[in-house]
Amino acid sequence: MISEIINDADERMHKGIEALRKEYATIRAGRANPSVLDKVMVEYYGAPTPINQLANISAPEARMLVIQAWDKSVLPAIEKAIMKSDLGLNPSSDGIVIRLMIPQLTADRRAELVKTVKKKAEEARVAVRNVRRDVNDHLKKLEKDHEASEDEVKRAQDDVQKMTDKMIREIERVLETKESEITQV
């Protein structure tokens with residue numbers, strides 16, 4: 001019973017870190033990365049569709065993305081969706097492919113992005129701590145209902161705390177990596 005609770009907590013904490021990594025992948029750090037377009041939805045036959053389901057996205061150069069649609073008729077819709085997004089990119093199309101030039105980040109924009117990634121990291125830390133709190137509450141309830149001994153609960157709480165500390169360190173590592181990626185000129 002207790003091992004199931006701990007395994008569930010571990011899984012939930014890992015999901016929080018994975019969500020943070022995915023979130024960071026969509027933050028533009030001055031280098032061309034196809035994942036910055038992950039959140040951009042294109043109106044395709046009346047349904048919002050992710051660009052990566054409509055086209056091949058590649059980064060042939062450090063500061064350029066090339067979008068090659070499988071259906072050429074969707075190119076104007078892709079262009080429109082990119083311009084409406086909050087990415088601040090201007091697509092240029094030649095009727096066959098769309099090119100996106102990734103501009104150099106300004107110092108202000110870098111500072112703003114660093115603030116954003118720190119906020120996202122704090123949200124991930126809070127999520128991990130919430131999992132810890134939920135598990136500890138559950139363990140205390142087991143002890144109160146005499147389904148687990150005080151020693152078992154104490155041991156499990158120590159394990160959960162070690163797991164939480166490990167996850168927080170991982171979040172810090174992911175944050176440092178993204179921060180250095182943003183601040184590199």
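This is a predicted model: local features need pLDDT of at least 70, side-chain atom pairs count only at pLDDT 80 or more; totals for chains, interfaces and linings use all residues.

User: Let us begin with the fold. How many helices and strands does the protein chain have, and in what order do the elements run?

Analyst: The secondary structure comes to four helices and six strands. Read from the N terminus, the elements follow the order α-β-β-β-β-α-β-β-α-α.

User: How spread out is the protein chain, judged by its radius of gyration?

Analyst: One sets the radius of gyration against the value that the globule rule gives for the chain length. Here the radius is 22 Å, well over the 16 Å given by that rule for 185 residues, so the protein chain is more spread out than a compact globule. Along the principal axes, its C-alpha atoms fill a box of roughly 70 × 40 × 25 Å. Of the 185 residues, 39% count as buried. Among contacts with a separation of 6 or more, 63% are between residues 24 or more positions apart.

User: How should I read a nonpolar core, and which residues have the most contacts inside the largest one?

Analyst: In soluble globular proteins, nonpolar side chains tend to be buried together. The largest nonpolar core in this model has 31 residues, and Ile2, Tyr24, Val135, Leu139 and Ile171 have the most contacts inside it. Helix H1 (2-25), helix H3 (107-144) and helix H4 (150-183) each supply at least two residues of this core. A second, separate core has 22 residues, including Val36, Ala55, Leu65 and Leu89.

User: Which residues is Leu139 in contact with, beyond its neighbours in sequence?

Analyst: Once neighbours within four places in sequence are left aside, Leu139 is in contact with Ile2, Ile5, Val153, Ala156 and Gln157.

User: And is Ile171 buried or exposed?

Analyst: The criterion is relative accessibility, with under 20% counting as buried. Ile171 is at 0% and therefore counts as buried. This residue lies in helix H4. Apart from neighbours within four places in sequence, Ile171 is in contact with Ile17, Leu20, Ala121, Ala124, Arg125 and Val128. By contrast, Ile171 and Met83 are 32 Å apart in space, C-alpha to C-alpha, and 88 residues apart in sequence.

User: Turning to pockets, what is the volume of the largest pocket, and which residues lie nearest its centre?

Analyst: A pocket may be described by its volume, its lining and the classes of the lining residues. The largest pocket has a volume of about 330 Å³. Its lining consists of 15 residues, of which Thr26, Ile27, Asp86, Leu87 and Arg109 lie nearest the centre. H3 supplies the largest share of the lining, five residues. By class, the lining has seven charged, five nonpolar and three polar residues.

User: Finally, which residues have a positive phi without being glycine, and where are they found?

Analyst: Two cases may be cited. Phi of Tyr45 is near 50 degrees, and Tyr45 is found in the loop between strand E1 (41-44) and strand E2 (47-50). Phi of His146 is near 60 degrees, and His146 lies in the loop between H3 and H4. As for exposure, the cut-off is over 50% relative accessible area. Tyr45, at 73% relative accessibility, counts as exposed. His146 is likewise exposed, with a relative accessible area of 73%.

Key
Residues are numbered from 1 along each chain as its sequence is written. Side-chain values use heavy atoms; hydrogens and water are left out. A nonpolar core is a set of buried Ala, Val, Leu, Ile, Met, Phe, Trp, Tyr and Cys residues joined through side-chain atoms within 4.5 Å. Buried means under 20% relative accessible area, exposed over 50%, partly exposed in between (1.4 Å probe, protein chains only). Contact means heavy atoms within 4.5 Å. On a 1 Å grid over the protein atoms alone, a cavity is a set of points where a 1.4 Å probe fits but cannot get out, and a pocket is an open set with protein on both sides within 12 Å along at least five of seven lines; lining residues have an atom within 4 Å of a point. Grid points are joined across faces, edges and corners, and a volume is the space filled by probe spheres set on the points. Ala, Val, Leu, Ile, Met, Phe, Trp, Tyr, Cys and Pro count as nonpolar, Asp, Glu, Lys and Arg as charged, and the others, Gly among them, as polar. The radius of gyration is taken over C-alpha atoms; the globule rule is 2.2 Å times the number of residues to the power 0.38.
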